Amino acid sequence: MLDEAQKTLFLNWLDEHGSAVMQVARAYTLNSEDTQDLAQEILLQAWKSLPKFEQRSTAATWFYRVALQTAMNWQRKEKPRRKNQEPLLEVHTVITEGVNCAEAAQQRDTVEQLYCAIRQLPRTDAALVLLYLDELSYREMSDVLGISESNVGVKLNRAKQRLNELMKGETDGS
């Protein structure tokens, strides 16, 4: 049973970093229904795992680790079912005031292209890119993924290069 301190920690984390759950879920799914399902699964796994949180890392780092591991497991289990699915254009972006419809559509297309490219990366690279997009430090990324900070830098640079190629449509068949 969770004590009040753990419940408070969990609720505070959701208030501060809840958007990260949706970001991770969106990167590993093709449509909003699956995104919602995965987000719920991430929250459930985090809630179940909370008694095991030993505060060796920050709550955010621990939660990211749970979210990414849950997403990777979910993706592996769901891959056969999703093989013939096409992504729906359901991108939710923050549109700044004064942006016209054409710019808003371009922004949505770019974000959809980015998520499509992220889904084509190897799982660890996709996780690394998501952590980077959420502005985590190399140390925090290192803690979440269990790799050295220097390895984070090397892998992140390679992932960015591959992502850039994918965004330009320069797939090499790999």
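This is a predicted model: local features need pLDDT of at least 70, side-chain atom pairs count only at pLDDT 80 or more; totals for chains, interfaces and linings use all residues.
A salt bridge, as the word is used here, is a side-chain nitrogen of Lys or Arg within 4 Å of a carboxyl oxygen of Asp or Glu. Residues are numbered from 1 along each chain as its sequence is written, and side-chain values use heavy atoms, with hydrogens and water left out.

Let us begin with the overall layout. The chain has seven helices and zero strands; helices (H or I, at least four residues) and strands (E, at least two) are DSSP runs, numbered from the N terminus. Read from that end, the elements run α-α-α-α-α-α-α. Of the 174 residues in the chain, 38% are buried, where buried means under 20% relative accessible area, exposed means over 50%, and partly exposed lies in between (1.4 Å probe, protein chains only). Among contacts (heavy atoms within 4.5 Å) with a separation of 6 or more, 63% are between residues 24 or more positions apart. The accessible surface of the chain comes to about 10,600 Å², and 50% of it belongs to carbon and sulfur atoms; such areas come from the Shrake-Rupley method with a 1.4 Å probe, and for residues only the protein chains shown count as cover.

Glu4 is exposed, at 55% relative accessible area, whereas Lys7 is partly exposed, at 25%.

Further along, Arg139 and Glu149 meet through their side chains in a salt bridge of 3.0 Å, N to O. Arg139 sits in helix H6 (residues 138-145) and Glu149 in helix H7 (residues 149-168), so this pair ties together parts that are 10 residues apart in sequence. Glu149 is partly exposed, with a relative accessible area of 32%.

Helix H7 also contains the pair Arg162 and Glu165. What is the distance between their closest N and O atoms? It is 3.2 Å, in a salt bridge. These residues are three apart in helix H7, so they are separated by about one helical turn. Arg162 is buried, at 18% relative accessible area, while Glu165 counts as partly exposed, at 31%.
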